[in-house]
Amino acid sequence: MDRISLLRGVLLLVFASGLGGCADAPGQDSGGALLPEQAAYDVAHYDLQVSVDPARERIDGRVTVHAVVEERIENVVLNLDRRLSVSEAWTQGRPSTPHAVERRNDKNEVWVDLDEARSPGDTVRVSVRYEGSPRVAPRPPWDGGLTWERTPSGDPWIATSGQTEGADLWWPVKDHPSDEPDSMDIAFTVPDSLVAASNGTLQSVERASDSTTTYRWHVSTPINAYNVTLNVAPYVRLDTSYASTSGMEVPVSAYVLPSDSSRAADALPGFLDQVRFLEETLGPYPARADKYGIAQTPFLGMEHQSLIAYGHDFTPGGLGYDAPFDALHFHELAHEWYGNLVTVGNWKDFWLHEGPATYLEALYVEHLEGDSAYHALTDYFRSRVTGGTPITRTAPTTAEGIYHQDVYFRGALTLHTLRYVVGEDALREILRRFVTPDSARTVPVFRPVTTRDFQNLVETVSGRSLEAFFEVYLYQGALPVLDTSRSDGTLQLRWTKTGDAAFSVPVPVRVDGETHRVSMEGGAGRLTVPGDADVTLDPKGWILRGR
Ligand SMILES: [Zn+2]
């Protein structure tokens, strides 16, 4: 997700929930501890069909879940926002034998009775028909739902968002990041005058006699639930292709408003330059078997897999700093690797989406404009760190429970400091191998990941234990503070506010124009400095620390 005005969003959220009695409060969240009844099955495939009625701002849909049973179950439990009603449910593709459905609206759950228990290894197919007026997004993409906007020409312009609130805002789903289907089929039916774009590849466009058209899409890879997207407008489609470093020719489709088609066409080569940079940095574009795509949206942006939600008017910047490139697009694109190819299995590790996506912006600035531009941007990131909040937890956490601007900026600067500790080559190897391990260079491996996985790779590549580094930067609230004193020709340095961790991040110190790397083994270090020497701690700002 993009992050501009994030702090304001967080404050509004706190304020709103402080009022009490907020209609959205219970269940308007995603993830957390997985319900045992949901841990008991593994989704293999979703088949989602939705008819969209822009005039009434309603949807009418059906989902079929294909799952493999892992623990004995008597129900299949899905999530669905209470605003949407379930009219019927059936199993094994037999609508004539409806099954009991229980709504547990306090938790936005749908319990479908299977009639008879299923055992590990069984496959089960459950279908649910539903309808209603979904939550209207109060402030997309940060506070999501359906957005029913109008284009400048007055036509319907519809989009979905809901990373932290959950995909169950608009379709019945096992709404947890730990379980992605292996593939997905999506069909959207809209009035004839409109175009419906989604993830994956377009399979067919079918006109019906009732003045509607159905667009069928197929996603050939795993996809996390919040990435599943509905985009409707009188779009024009700009098609081209992109030569991936994998050797594949990747289809490119940009769904844009007719009035913006020429500006979009002008912007597209720059977007594909970004794809190339990220391929060279991280490995081949993950969704290459489907497409690279954007859909122009009435809100800023979201990393929807193979169809980025893009609402930044095809201009540079977009994320609160001056950028010589479209930073909004770049950030969402970076999530195709960090967020979509590797997805946190629990939101407690959310920083693994936003920290790398934000840090990669700095690497791109460095690629375009060099070292000083890189440091100027990481200085900007530093100005946005609040510093009192852990960005990783040990216990399962909901998306709303961890979402904070430090997940972006402290996460990014943790990688920036890690670069100083392990060296640039090692950091680049880590960033690449985490998403594209050597075993996955030919075929991308979409998978859930944890902070522990990341730490293990860092330690493997660097050949050193970094337990204290991760403990202090990710799990501890306070940032480490560097105490210094200077006397008798010696500069003494000591790390404080590092808890019980043996924090030993080295410190660059410039003495009369020459920069030294001061070892901090045991949390302390010293450097001989002449009495009249000009001394500057960390002159380039490599080390994330508090004051
Ligand atoms: Zn993001």
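Colleague: How many bridges join strand β24 to strand β25, and do they run parallel or antiparallel?
Modeller: This is a predicted model. In it, β24 (residues 507-511) and β25 (residues 514-518) run antiparallel and are joined by five bridges.

Colleague: Which residue stands opposite Glu 514?
Modeller: Glu 514 in β25 has Val 511 opposite it.

Colleague: What is there between the two strands of that hairpin?
Modeller: Two residues lie between β24 and β25 in the hairpin. Asp 512 takes a positive phi there, near 50°.

Colleague: Where does Asp 313 sit, and what is its phi?
Modeller: Asp 313 is in the loop between β19 (308-310) and α4 (327-334). Its phi is positive, about 60°, although Asp 313 is not a glycine.

Colleague: Back to β24 and β25. What is the strand order in their sheet?
Modeller: The order is β25-β24-β27, an open sheet of three strands with antiparallel pairing. β25 and β27 (535-537) are the edge strands, each with a single partner, so one side of each has no neighbour in the sheet. From one strand to the next, the twist averages 25°.

Colleague: What holds strands together in a sheet, in general?
Modeller: Strands of a sheet pair through backbone hydrogen bonds, and they may be parallel or antiparallel.

Colleague: And the sheet of seven strands, what is its order?
Modeller: That open sheet runs β4-β7-β2-β1-β10-β13-β12, and its pairing is mixed. At its edges stand β4 (84-91) and β12 (201-207); each has a single partner strand, so one side of each is left without a neighbour in the sheet. Neighbouring strands are turned by 15° against each other on average, with direction ignored.

Colleague: How many bridges are there between β2 and β7?
Modeller: There are 10 bridges, and the pairing of β2 (residues 58-69) with β7 (residues 123-132) is antiparallel. Ser 127 in β7 stands opposite Thr 64.

Colleague: New topic. Which domains is the chain divided into?
Modeller: Domain 1 covers 37-312, domain 2 covers 342-475 and domain 3 covers 481-537.

Colleague: How many residues does each of domain 2 and domain 3 put into their contact?
Modeller: Domain 2 gives eight residues and domain 3 gives nine. The centres of domain 2 and domain 3, taken over C-alpha atoms, are 26 Å apart.

Colleague: What area do domain 2 and domain 3 bury between them?
Modeller: They bury about 700 Å², with 72% of it on carbon and sulfur atoms. On the domain 2 side, Tyr 420, Ala 468 and Val 472 supply 68% of the area buried against domain 3, more than any other three residues.

Colleague: How many salt bridges and polar contacts are there between domain 2 and domain 3?
Modeller: The count of salt bridges is zero. Two residue pairs are in polar contact across the interface.

Colleague: Which elements of domain 2 give two or more residues to that side?
Modeller: Those are α8 (405-422) and α11 (467-475). The largest share, five residues, comes from α11.

Colleague: One last residue. Where is Arg 382, and what is it in contact with?
Modeller: Arg 382 is in helix α6 (residues 371-383). Leaving aside neighbours within four places in sequence, Arg 382 is in contact with Leu 413, His 416, Gly 541, Trp 542 and Ile 543. A polar contact of 2.9 Å also joins its side chain to that of Asp 379.

Colleague: How many residues apart in sequence are Arg 382 and Leu 544?
Modeller: They are 162 residues apart in sequence, and 7.7 Å apart in space from C-alpha to C-alpha.

Definitions and conventions: Residues are numbered from 1 along each chain as its sequence is written. This is a predicted model: local features need pLDDT of at least 70, side-chain atom pairs count only at pLDDT 80 or more; totals for chains, interfaces and linings use all residues. Side-chain values use heavy atoms; hydrogens and water are left out. Two strands pair if DSSP finds at least two bridges between them. Helices (H or I, at least four residues) and strands (E, at least two) are DSSP runs, numbered from the N terminus. Axes are lines fitted to C-alpha atoms, for helices over the stretch in contact, and angles run from 0 to 180 degrees between N-to-C directions. Domain bounds come from an automatic or database domain assignment. Contact means heavy atoms within 4.5 Å. Buried area is the accessible area (1.4 Å probe) that two parts lose on being put together, summed over both. A salt bridge is a side-chain nitrogen of Lys or Arg within 4 Å of a carboxyl oxygen of Asp or Glu. A polar contact is a pair of N or O atoms within 3.5 Å; within protein, one must be able to donate a hydrogen and the other to accept it, and residues adjacent in sequence count only if both atoms are side-chain atoms.
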